[in-house]
Amino acid sequence: MTPAIKSLEEYHKVYQRSIDLPEAFWAEVANDFQWRKQWDKVLEWDFKKPEVKWFDGGELNITENCLDRHLITQPNKKAIIWESNDPSEPSVTYTYRELHAKVCELANVLKSLGVQKGDRVCIYMPMIPELTMALLACARIGAVHSVVFAGFSARSLADRINDADAHLILTADGAYRGAKSIDLKAIVDEALADCLGVRSVLVYQRTNTPITMQPGRDLRWHDEIAKVDNLCEAVTVSSEDPLFILYTSGSTGKPKGIMHTTAGYMVHTAYTFSNVFQYQPDDIFWCTADIGWVTGHSYIVYGPLLNGATVLMFEGIPTWPNNGRFWEVIDKHKVSIFYTAPTAIRSLMAGEHSPKATHKLDSLRILGTVGEPINVEAWEWYHEHVGKGNCPIVDTWWQTETGGIMISPLAGITPTKPGFATLPLPGIQPALLSEKGEEILVNGEEGRLCIKFPWPGMARSIWGDHNRFRETYFSAFPNYYFTGDGCRRDLDGYYRITGRVDDVIIVSGHNLGTAEIENAIDEHELVIETAVVGYPHELKGFAVYAFVVLLSEAKGADEEQLRKEINEFVSRIIGPIAKADKIQFVTGLPKTRSGKIMRRILRKIAEGETDNLGDTSTLLDPGVVEEIRKGRV
Ligand code: WTA
């Protein structure tokens, strides 16, 4: 692997070169990998179509770079250290040699079930090593994985299975999460009632919960593994062949199947892992995300394994059996790099527990955060109580769509400022645009964060809907990729992400589309229509506020009961993460004459700002605002 950047001076030099000669810069990084055939062209792009191709004409298999390559140099190095939800269950480790064998076995099972290159495989599993193996087994044979977070409802799962047209599901009997267990197989069974294309379900036994197995469709993981050997030649794929689909919420409509391809994603995740975290061969790296989200894909699976790192994988939650669990795990496994989300930090800050007093935490070298803006207070607490004042914090900004980290300090190299993601990584060209679409060139201003030049890890499309890809990301500002985020660049040229400027709400680090939640609530038989907005929440960052118009039949109904029912709908249709914290029943919504809901006003009311609501003169019925304002919950 290209050695990581070692000084601020070097960063500035490399950055400049990556802008002046982007193709030469990325080709050098890409040269470090094992290719079956060298690429013909480093980059071809057109943001109008949009079409982006990196390393086109190249051939490779990403798992050879994650696994086989390390078998020669470090077969006995630990690849995965797994820590159970239950602190008394022994941890499990896999060396690179063992992981390689397990991935090959599972890949052979996939082949025996008829999976071929290009086929989509849906993965709905707990945070166990077999989940990592599942992703890699797909990649081994050129199949496209589509991981669905195991907290999504049957309905959400079914939508994703159908959208990707997956014929095989990998799942488990159940998943442990803190004191609870979730019956994954039962959720899959319910989902499959609506998925006629699914031919097989492979079930891993984790919780020993009783399950029903449908003959001819459902197979036990252990039985199938017993039938195959552990040699599986990696299938050759092209640089631009899809590696995975991962669904993310948008401002409108159904979740989008963000599609990533192979070579560019590999180069980007590997490069950013080594540089941002200043990875050293003896590090124990722990990213607390779930593999169901992009952070897990890029920084539990691909980025670390491409670098031959030891990665810790944790099945549980930060607050079970108590608020000290993260710190216990860090001490137990001597974690040196710890990467988590602001929402986790805030929830642990709120508890009694200061790890500084009770835990050693002396193995820690570097801390990271991702997923939402980190408030200064949480940053300071993280620095002082977890890092004990001497671990640099990398506040990493990126998105499902960007594939890997885009704006972030290099640990210990870039001087940090609380709340700032600081500077773009080499190869990344951010731009701030005014609402009129003009690029803001001076510092000290706020604008809409865009990227003006392609980078290898960028998404190539939305699965099955390239038009939507263009509309969502490339139409607001022609020739720019639009992120959906607001951002300020200070006088030092440092970037501070200010939050979403579209109708996506980030609740505890999870992106939720307001339209999705509105549609779910509207399915309740007593609901006429709904408007959902986000409001600032101390622990979650943002929380969901729903304004709901009921049918006249609902008059006199028990409001608390209705609120409960509405949230049950949301849980069932999307998943518990999308539940509304506040539900206010109103007789109408503030709409313009053309029928558009004025969310700006609702957002202000939800935030508690009730006096200064701005211009309401374009409203069809300004009176409704007064009523909503008075009834705020
Ligand atoms: C937000 C997660 C501020 C942002 C990797 C982005 C952040 C969205 C940061 C993507 C950060 C992510 N500071 N905001 N360091 N990192 N975000 O797709 O709004 O789940 O657009 O990817 O999270 O969320 P996603």
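Visitor: Before we start, what does buried mean here?
Guide: Buried means under 20% relative accessible area. The model is a predicted one.

Visitor: Good. Which residues of helix 6 are buried?
Guide: Helix 6 covers residues 154-164, and its buried residues are A154, S156, L157, A158, R160, I161 and A164.

Visitor: And what covers the buried residues of helix 6?
Guide: The cover includes three strands, namely strand 6 (120-124), strand 8 (168-172) and strand 14 (242-248). Helix 7 (184-192) and helix 17 (559-573) are also part of the cover.

Visitor: What comes just after helix 6?
Guide: D165, which has a positive phi of about 55 degrees.

Visitor: Where else is there a positive phi in a residue other than glycine?
Guide: K388 is one of them, with phi near 45 degrees. K388 sits in the loop that runs between helix 14 (376-386) and strand 20. S508 also has a positive phi, near 45 degrees, and lies in the loop between strand 27 (504-507) and strand 28 (510-513).

Visitor: Why point those out?
Guide: Because most residues other than glycine have a negative phi.

Visitor: Which peptide bonds are cis?
Guide: One joins K49 and P50, with omega about -20 degrees. Another runs from W320 to P321, with omega near -5 degrees.

Visitor: Where are P50 and P321?
Guide: Both are in loops. P50 is between strand 1 (41-46) and strand 2 (51-56), while P321 is between strand 17 (310-314) and helix 11 (325-333).

Visitor: Switching to the ligand. How many residues surround it, and which are the closest?
Guide: The ligand has 17 residues around it, and D395, T396, T400, D485 and R500 are the closest.

Visitor: How do those 17 divide by type?
Guide: The shell has 7 nonpolar, 6 polar and 4 charged residues.

Visitor: Which elements supply at least two residues of the shell?
Guide: Helix 10 (294-306), strand 20 (393-396) and strand 26 (495-500) each do.

Visitor: What are the polar distances to the ligand?
Guide: An N or O atom in the D395 side chain is 2.7 Å from a ligand nitrogen. For ligand oxygen atoms, a polar side-chain atom of R500 is 2.7 Å from one, and an N or O atom in the Q399 side chain is 2.9 Å from one. The ligand taken alone exposes 520 Å², of which the protein buries 95%.

Visitor: What about the largest nonpolar core?
Guide: The largest nonpolar core has 168 residues, and F55, L99, I123, L170, F277 and Y302 have the most contacts inside it. F277, leaving aside neighbours within four places in sequence, is in contact with residues including F285, Y299, I337, Y339 and V394. A second, separate core has 25 residues, among them W286, W327, I345 and L348.

Visitor: Last one, V548: buried or exposed?
Guide: V548 is buried, at 0% relative accessible area. V548 belongs to strand 30 (residues 541-550).

Visitor: What does V548 touch?
Guide: Not counting residues up to four places away in sequence, V548 touches I521, V527, E529, T530, I566, I583, Q584, F585 and V586. The C-alpha atoms of V548 and V586 are 5.8 Å apart, though the two residues are 38 residues apart along the chain.

Methods: Residues are numbered from 1 along each chain as its sequence is written. This is a predicted model: local features need pLDDT of at least 70, side-chain atom pairs count only at pLDDT 80 or more; totals for chains, interfaces and linings use all residues. Side-chain values use heavy atoms; hydrogens and water are left out. A residue is near a molecule or strand if one of its heavy atoms lies within 4 Å of it. A polar contact is a pair of N or O atoms within 3.5 Å; within protein, one must be able to donate a hydrogen and the other to accept it, and residues adjacent in sequence count only if both atoms are side-chain atoms. Accessible areas come from the Shrake-Rupley method with a 1.4 Å probe; for residues, only the protein chains shown count as cover. Helices (H or I, at least four residues) and strands (E, at least two) are DSSP runs, numbered from the N terminus. Ala, Val, Leu, Ile, Met, Phe, Trp, Tyr, Cys and Pro count as nonpolar, Asp, Glu, Lys and Arg as charged, and the others, Gly among them, as polar. Buried means under 20% relative accessible area, exposed over 50%, partly exposed in between (1.4 Å probe, protein chains only). Contact means heavy atoms within 4.5 Å. A nonpolar core is a set of buried Ala, Val, Leu, Ile, Met, Phe, Trp, Tyr and Cys residues joined through side-chain atoms within 4.5 Å.
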